[in-house]
Amino acid sequence: MGECHREISRWMEAFGAQVRVDAAGNFRGFYPGEQSSSPRLILGSHLDTVPNAGAYDGTLGVVLAIALLEALQGRELPFGIEVVGFSDEEGVRFGVPFIGSRAMVGRLDNELLDHQDAQGISVRRAIQEFGLNPEEISGACLEADSLGYIEFHIEQGPVLEELGHPLGVVETIAGQSRVEFTFVGRANHAGTTPMNLRYDAMAAAAEWIVEVERAAKAVPEAVGTVGNIDAKPGATNVIAGMVRLTLDVRHRFDETRTEIVSELIRKAEKISERRGLTLRHTVLLCQQAVPMDGFLINEIDLAIRKAGCVPHRMISGAGHDAMILAERVPAAMVFLRTPGGISHDPAESVIGEDVEQAIECGLHLLDQLAVSPVFQKRKDRA
């Protein structure tokens, strides 16, 4: 990540941007506006990714934002532009996503800083080992003159490809719940313990995973996933005494999502009780659905049309930093078509012409905002 920051810094410094890395590990590059007192518009996405990842999730949005600034060729706007490359959006290392964007809205507190990874290293210590000072986290907060946030991102799904549209505009980011479940039974010899005398945590977990699939399929537009499972002691000839799993549930309506999660907690408790096991569960994330800003959605619609595309409004099933920043500033997202709908995999790809149209859309959008009376009023409020 340090090498990534240094490379991006070289790109941005070449056209006069001021660069820094804040105490939460977010890359920040600022391209000034017409006046020293000009407010700022934030563009960006995340720079971290998942194991066995593709090349475009998150990173494309940062590179595309920089490409937009380069395309301005030194032209100044009535607002400055801050490019942000967020740290730890995915939550792979610490099990909690959006660490960088949480810091920017003032929600990276001591509890989260003390959260540990699988090796027992806390977020606080990881920040220190990266050469940053966790005591300066407050300095990562959004500047008071921030007008809004716009994020370009691959769709990570098949909808735009199915419709034949290069670009889409996000209306709402679906809410999501992440919960860790631990089934605790009793480890014992696999060959000498009769089936009726077992307290098999793995069997309980397997039964519950089927319930997750059944519950999600029963609700339109819902998705439910058990993405990680860890069995102990993990030997071929030993009954699993403990199994830890993760649950991910998403839906556009928060009430529906929470009902699904509550049902699955009850199912896990009943399975554990019937099998003589104990159950622990911990909520890792409960993120509400987040609507994007209506004014920016309309402006993006227009910019997409000017770029020669038919806009399509859609729901994002994936979480994004935009949903965190929307707590503090108007936020919006532009999706790029994802061939095959493949993401979080090395086969993830984009179409070059789509990226060109996204840059054209972005330039139209910047020009629209620069002359918009509505946006001017937002500047006055900032």
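## Strand E6 and its partners

In which sense do E6 and strand E15 (residues 331-336) pair, and over how many bridges? The pairing is antiparallel, over 3 bridges; two strands pair if DSSP finds at least two bridges between them. Within E15, Phe 335 is the bridge partner of Gly 168. Helices (H or I, at least four residues) and strands (E, at least two) are DSSP runs numbered from the N terminus.

E6 also has strand E14 (residues 313-316) as a partner: the two run parallel and are joined by 4 bridges, with Ile 173 bridged to Ser 316. Then there's strand E13 (residues 290-291), which runs antiparallel to E6 with 2 bridges; here Thr 172 sits opposite Pro 291. E6 itself (residues 167-173) is mostly covered, with 6 of its 7 residues buried (buried is under 20% relative accessible area, exposed over 50%, partly exposed in between; 1.4 Å probe, protein chains only).

## What kind of model this is

This is a predicted model, where local features need pLDDT of at least 70 and side-chain atom pairs count only at pLDDT 80 or more, while totals for chains, interfaces and linings use all residues. Residues are numbered from 1 along each chain as its sequence is written, and side-chain values use heavy atoms, leaving out hydrogens and water.

Next up is an open sheet of 4 strands, in the order E9-E11-E7-E12, with antiparallel pairing. At its edges are strand E9 (223-232) and strand E12 (278-287), each pairing on one side only. On average, neighbouring strands are turned by 15 degrees against each other, direction ignored. Inside the sheet, strand E7 (residues 175-184) and strand E11 (residues 242-251) run antiparallel and share 10 bridges, and Val 179 stands opposite Leu 247 in E11.

Helix H8 (residues 254-275) packs on the sheet and touches E7, E11 and E12, its direction making about 5 degrees with that of E7. Helix H7 (residues 201-217) lies across E7, E9 and E11, at about 175 degrees to E9. Contact means heavy atoms within 4.5 Å; axes are lines fitted to C-alpha atoms, for helices over the stretch in contact, with angles from 0 to 180 degrees between N-to-C directions.

## Phe 130 out in a loop

Phe 130 belongs to the loop between helix H5 (123-129) and strand E5 (146-154). Why does Phe 130 count as partly exposed? Because its relative accessibility is 40%.
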